[in-house]
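Visitor: Could you take me through this structure, one part at a time?
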Amino acid sequence: MSTILETKDLSIAFGGLKAVQNVNLYLEHGELVALIGPNGAGKTTVFNMLTGVYVPTSGAIIFDGQRIDGTPPDRLTRLGIARTFQNIRLFHDLTVLDNVRVAYQVNTHHTFIDSIFRLPRFWKEENDMRDASLGLLETMGLRQFAEEKARNLPYGAQRRLEIARALATRPKLLLLDEPAAGMNPQETRELMHTIEHVRKTFDLTVLLIEHDMSLVMGISERIYVLDHGQLIAAGSPAEVRSNPRVIEAYLGEVATDALA
Amino acid sequence: MAQNSDKKRVHFWWLLTLVLFYALIQAGISSGLIGGFYENVLMNIGIYIILTVSLHLIIGITGQFSIGHAGFLAIGAYASAIVTMKLDGPFYLAIIVAGVAAILAGIIVGLPTLRLKGDYLAIATLGFGEIVRIVLLNIPYVGGASGMRVSHMTNWTILFVAVVATVWVIYNLTNSAHGRALLAIRDDEVAAESMGVNLTYYKVLAFAIGAFFAGIAGALYAHNFYQINPSNFGFLKSFEILVFVVLGGLGSLSGAILSATFLSIINTLLQSFPDIRMILYSLVLILVMLYRPQGLMGNKEITDIRLFSRKAREVQER
């Protein structure tokens, strides 16, 4: 096992607001790790730093042996980090197939000259792209929607499409930002199976942000808990569940008293 | 395999239609059946199709709201006029120079305005168009306010080739991985960037290619009239092209072509009523926007209607 992602004293401040402070976390290759915390704890901010949307104020992010803090999102995608969004951000006016194909093109090499003049490289890579994308849709159970516009998909399918789109970039590390938000328990269970499945199939490392603690307990190998921008706990699901600071963060002090 | 031969058949019919159309008009012009007036209408339509389709790439496909397109037109017009009139160069060279000069301008506009969105980009590009006009106005070499005399060199053959090349290039670009990247930028920049789309590269690409064809249109435009001066390329010109794009339906290539043709014809017909021309023209625009707010074609293409099964086939025949 080797470390694929590591942060060192990762911090960011917006004006006077210290949104995230001194976060140290690591992911081993092939792990499924969850980052949880109450609303506003800074989970998505951490995500946005890992994916290049925000540049950290201080600290370092090391991915696959190189420092990546400050690298723009499109370069990170090429290095092998893919993500989904908490509030679904599909390309709504494109078809489901095209949504996946947009992401797949990081693996292609033909230039716009090849495209304009329809040179052989264009045809070869377009064909590969279509086959691979349709294959991915099949895996995610979206094959029948291939020609639908993304905006017309049912909610759960849109969430799955976000994952399919992220997978199309052929990532080493997949970051999922509240993939089960807005899903009912049945859909959530199915989604968790899907995540397990793609993780094994594509040999992925997964970092999962979740708001709902019960949900990640089942599938995560390790859990980090974030509150007010700081890590307050880390460990196996069982350890985290019984950690008094975690209970306090989630339930408040009064409730802790009640439990005691 | 079936799909490939199908594609070839479609290509063949397209080619045949184009050649026949070209030959028919050419015969009409050489036999005198299509007189000077109608030939001029054709020139107008062709030039506006090139302009509209090139702006369609920037606004309709990439979603970058640019209203300085007349600036690229002006640069193409003046660059080509300098080559033919001042340097005695051949016309085809002038067309290429016009395109290249406009590309450079496109990159110069594209790079600093990349971070701007929506209204802000519109204002910046509007500023660009005005800068080009004012600069031309103040260069004595190109005649300042009185402009330049240009020989008439644009003919049906050159126009036809230019229009077909423009539509072909922009169609091919749109229907490729690169076109999908542009569409992704239009739909959601943040998501596009997260999927590995390099925003800088693609926005500059769209501006450069759009500018290239606007520059070519400029060369054809300059050599169609006998005189160009900076007032031909004011804000109203940019606005006119923008209206064509919106009226055709944002994102629809065939819509852009249709609206450029339709409005050019209306514009010409209305020239018989000079007093109320602009009133009637504006009325047409208002009526179209009232009854077709999504533009003539919406975001659909003509082929969606005629060969509606084609896209479905792409999936089935995997």
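Predicted model: local features only at pLDDT ≥ 70, side-chain atom pairs only at ≥ 80, totals over all residues.

Visitor: Fine. How many helices and strands does chain A have?
Guide: Chain A has 10 helices and 10 strands. Helices (H or I, at least four residues) and strands (E, at least two) are DSSP runs, numbered from the N terminus.

Visitor: And why is chain A called as compact as a globular protein of its length?
Guide: Its radius of gyration is 19 Å, close to the 18 Å that the globule rule gives for 260 residues, so chain A is as compact as a globular protein of that length. The radius is taken over C-alpha atoms, and the rule is 2.2 Å times the number of residues to the power 0.38. Along the principal axes, the C-alpha atoms of chain A fill a box of roughly 70 × 40 × 35 Å.

Visitor: What percentage of the residues of chain A count as buried?
Guide: Of the 260 residues, 44% count as buried. A residue is buried if 20 or more other C-beta atoms, placed from the backbone, lie within 10 Å of its own, exposed if 12 or fewer, and partly exposed in between.

Visitor: Now the sheets. What is the strand order in the sheet of 6 strands?
Guide: That open sheet of chain A runs β6-β7-β8-β3-β9-β10, with mixed pairing. Two strands pair if DSSP finds at least two bridges between them. The edge strands are β6 (81-83) and β10 (230-235) of chain A, each of which pairs on one side only. From one strand to the next, the twist averages 20°.

Visitor: Do β7 and β8 of chain A run parallel or antiparallel?
Guide: Strands β7 (residues 173-177) and β8 (residues 205-210) of chain A run parallel and are joined by 5 bridges. A:Leu175 has A:Leu207 in β8(A) as its bridge partner.

Visitor: What about the sheet of 4 strands?
Guide: This open sheet of chain A has the order β2-β1-β4-β5 and antiparallel pairing. β2 (17-28) and β5 (66-67) of chain A stand at the edges with a single partner strand each, so one side of each is left without a neighbour in the sheet. Between β1 (residues 3-14) of chain A and β2(A) there are 8 bridges, and A:Leu10 stands opposite A:Val23 in β2(A).

Visitor: Where does α1(A) lie?
Guide: Helix α1(A) lies across β3 (32-36), β6, β7, β8 and β9 (222-227) of chain A, at about 150° to β7(A). It also lies across β1, β2 and β4 (58-63) of chain A, at about 65° to β2(A). Axes are lines fitted to C-alpha atoms, for helices over the stretch in contact, and angles run from 0 to 180 degrees between N-to-C directions.

Visitor: Is that helix mostly covered or mostly open?
Guide: Helix α1 (residues 43-50) of chain A is mostly covered, with 7 of its 8 residues buried. Among them are A:Val46, A:Phe47 and A:Leu50. A:Gly52, with a positive phi near 85°, follows the helix.

Visitor: Changing topic: which residues does A:Phe85 touch?
Guide: Leaving out residues up to four places away in sequence, A:Phe85 touches A:Glu162, A:Asp177 and B:Ala191. Contact means that the C-beta atoms of two residues, placed from the backbone, lie within 7 Å. A:Phe85 lies in the loop between β6 and α3 (96-104) of chain A.

Visitor: Why does A:Phe85 count as buried?
Guide: A:Phe85 counts as buried because it has 22 C-beta neighbours inside 10 Å.

Visitor: How is chain A divided into domains?
Guide: Domain 1 (1-80 + 171-260) and domain 2 (90-169) make up the division of chain A, with bounds from an automatic or database domain assignment. Their centres, taken over C-alpha atoms, are separated by 27 Å. In contact are 12 residues of domain 1 of chain A and 11 residues of domain 2 of chain A.

Visitor: Last one: how many residues of chain B are in contact with chain A?
Guide: 25 residues of chain B are in contact with 32 residues of chain A. The largest share of the chain B side, 7 residues, comes from α7(B).

Terms used. Residues numbered from 1 in each chain as written. Chains lettered and ligands numbered in written order.
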